[in-house]
Amino acid sequence: MLLSGFSSLISFVFLGLLLLSIFALVHAALQREDAYRAADKQTKPFWLIILGITVAVQLVLPMMLLVLAGTVATIVYLVDVRPALQAVTGRGRGSGGGWSSSDGPYGPYNGNR
């Protein structure tokens, strides 16, 4: 009984990682090619291949080591590349909301200048 509960928990974890990888792949596919170069990151085809292989491995051959490697690649994309692309394309935190580079969590550091 305990083993079946653990098995279903692992299945939910694998499903969550698969959905995260699919989200990263779709996001990478929707970005412009020049945004990757402007953000000084790897090229769009590089990320599409890496994330596509990750999704394929998680769908076809869900071995723990391969899933872990794909998860690391997905997290690198989501934590490093995605915010850089959003900053370059103007869809990040600093666009359109009146934020400046000197703003802190409670307002501007420069005395409202």
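The model is predicted.

**Core.** Twelve residues form the largest nonpolar core. They are Ala24, Ala28, Ala35, Tyr36, Ala39, Trp47, Leu51, Tyr77, Leu78, Val81, Ala84 and Leu85. Helices H1 (2–30), H2 (33–38), H3 (44–60) and H4 (64–89) each give two or more residues to this core. H4 supplies the largest share, five residues.

**Helix H3.** H3 has 17 residues. Its first and last C-alpha atoms lie 24 Å apart, close to the 24 Å expected at 1.5 Å a residue. Its buried residues are Lys44, Trp47, Leu51, Thr54, Val55 and Gln58. Seen down the axis of H3, these buried residues fall within an arc of 105 degrees, so they line one face of the helix. On the other side of H3, Ile49 and Val60 are exposed. Trp47 and Leu51 are among the core residues.

| Residue | In contact with |
|---|---|
| Val81 | Tyr36, Lys41, Trp47 and Val76 |
| Thr89 | Gln31, Arg32 and Ala35 |

Val81 belongs to the core, as do Tyr36 and Trp47. Thr89 is located in helix H4. What does the side chain of Thr89 reach? The side chain of Thr89 reaches the backbone oxygen of Leu85, at 2.9 Å. Leu85 is one of the core residues, and so is Ala35, with which Thr89 is in contact.

How values were computed. Residues numbered from 1 in each chain as written. Predicted model: local features only at pLDDT ≥ 70, side-chain atom pairs only at ≥ 80, totals over all residues. Heavy atoms only, no water. Core = buried A, V, L, I, M, F, W, Y, C linked by side-chain atoms within 4.5 Å. Buried < 20%, exposed > 50% of the residue type's maximum accessible area, 1.4 Å probe, protein only. Helix = DSSP H or I, 4+ residues; strand = E, 2+ residues; numbered from the N terminus. Contact = heavy atoms within 4.5 Å. Expected span 1.5 Å × (residues − 1). Arc of directions from axis to C-beta. Polar contact = N/O pair within 3.5 Å; in protein donor to acceptor, adjacent residues only side chain to side chain. Lists of a residue's contacts leave out its neighbours within four places in sequence.
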